[in-house]
Amino acid sequence: NRHLGDIYSIGGQSNGQTGVGGVYNSTAEMNRAPNYPNIRVWKGTRAAPFMDEPNPETADVAFTPSWRVPTPDVINGVSAVGWFFVRSLYEMLNGTVPLGLLTDCFASQLECWLSPEAYPQCEYLNPYPCYGNVPNTTLGSRYLVYNSNIYPLLKLKNRGFIFYKGEGEINRPSLWQCAINAMVTDY
């Protein structure tokens, strides 16, 4: 059961991982899932093993998402933001284009999602950006999340990225603007 279509990925902060099962009218929404037979979803915790290095292309990473047909059980834990986006797009296209949704959100700071090339472009960056504000010499690299969660997805020829983030950087608007522009260029 293979389809050739467009892939959209959602990444970002933990609020983006709120599943369809956690939204208003979730039972009715989940019961509608089988009405979208040409959508496939993949919910991951990360796309690849953690790669704490500035050059992810040197790592041997084989990434193959496990696509699932949307059912109530499948979309229960899939990002609601991502699902509603892809579902709406599917309806706008009258179901004529198969769509894939890759979801990978968790508690993180904006800097974690920047590539090694984009990171130096922005001022006021946290030197230990990943996994909240707790510096961790093993998991505190500025490249960790990008290398493990974004870089492998770039090989899939994504049609678009949805990035759910913001409230952690409410007091750093210049960082937000710089980082989003860098991500758009990168991704």
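Analyst: Glu29 and Arg87 are both buried. The model is a predicted one, and within it these two side chains form a salt bridge whose closest N and O atoms are 2.5 Å apart. Glu29 belongs to helix H1 (residues 26-31) and Arg87 to helix H3 (residues 80-92), so this contact ties together parts that lie 58 residues apart in sequence.

Arg32, at 31%, is partly exposed.

Arg32 in turn forms a salt bridge with Glu91, at 3.2 Å from N to O. Arg32 sits in the loop between H1 and strand E2 (39-43), whereas Glu91 is in helix H3, so this pair ties together parts 59 residues apart in sequence. Glu91 has a relative accessibility of 36% and so counts as partly exposed.

Put together, Glu29, Arg32, Arg87 and Glu91 are linked in a network of salt bridges. Two of its members, Glu29 and Arg87, are buried, while Arg32 is partly exposed and Glu91 is partly exposed as well.

Three aromatic pairs are found in the whole structure. In one of them, the ring centres of Tyr8 and Phe85 are 5.3 Å apart and the planes make an angle of 65°, so the pair is edge-to-face; the cut-off for that class is over 60 degrees. Tyr8 is in strand E1 and Phe85 in helix H3, so the pair ties together parts 77 residues apart in sequence. Tyr8 is buried, with a relative accessible area of 10%, and Phe85 is partly exposed at 34%.

A further pair consists of Tyr36 and Trp83, with ring centres 5.9 Å apart and planes at 85°, so it is edge-to-face. This pair links distant parts of the chain: Tyr36 is in the loop between H1 and E2, Trp83 is in helix H3, and 47 residues separate them. Tyr36 and Trp83 are both buried. Together with Tyr90, these two residues form one aromatic cluster.

Most residues other than glycine have a negative phi. Asn25 is not a glycine, yet its phi is positive, at about 65°. Asn25 is placed in the loop between strand E1 (6-12) and H1. Asn94 likewise has a positive phi, near 55°, and is a residue other than glycine. Asn94 lies in the loop between H3 and strand E3 (99-105). With a relative accessible area of 69%, Asn94 is exposed.

Key:
Residues numbered from 1 in each chain as written. Predicted model: local features only at pLDDT ≥ 70, side-chain atom pairs only at ≥ 80, totals over all residues. Heavy atoms only, no water. Buried < 20%, exposed > 50% of the residue type's maximum accessible area, 1.4 Å probe, protein only. Salt bridge = Lys/Arg side-chain N within 4 Å of Asp/Glu carboxyl O. Helix = DSSP H or I, 4+ residues; strand = E, 2+ residues; numbered from the N terminus. Phe/Tyr/Trp six-rings, centres within 6.5 Å; stacked < 30°, edge-to-face > 60°.
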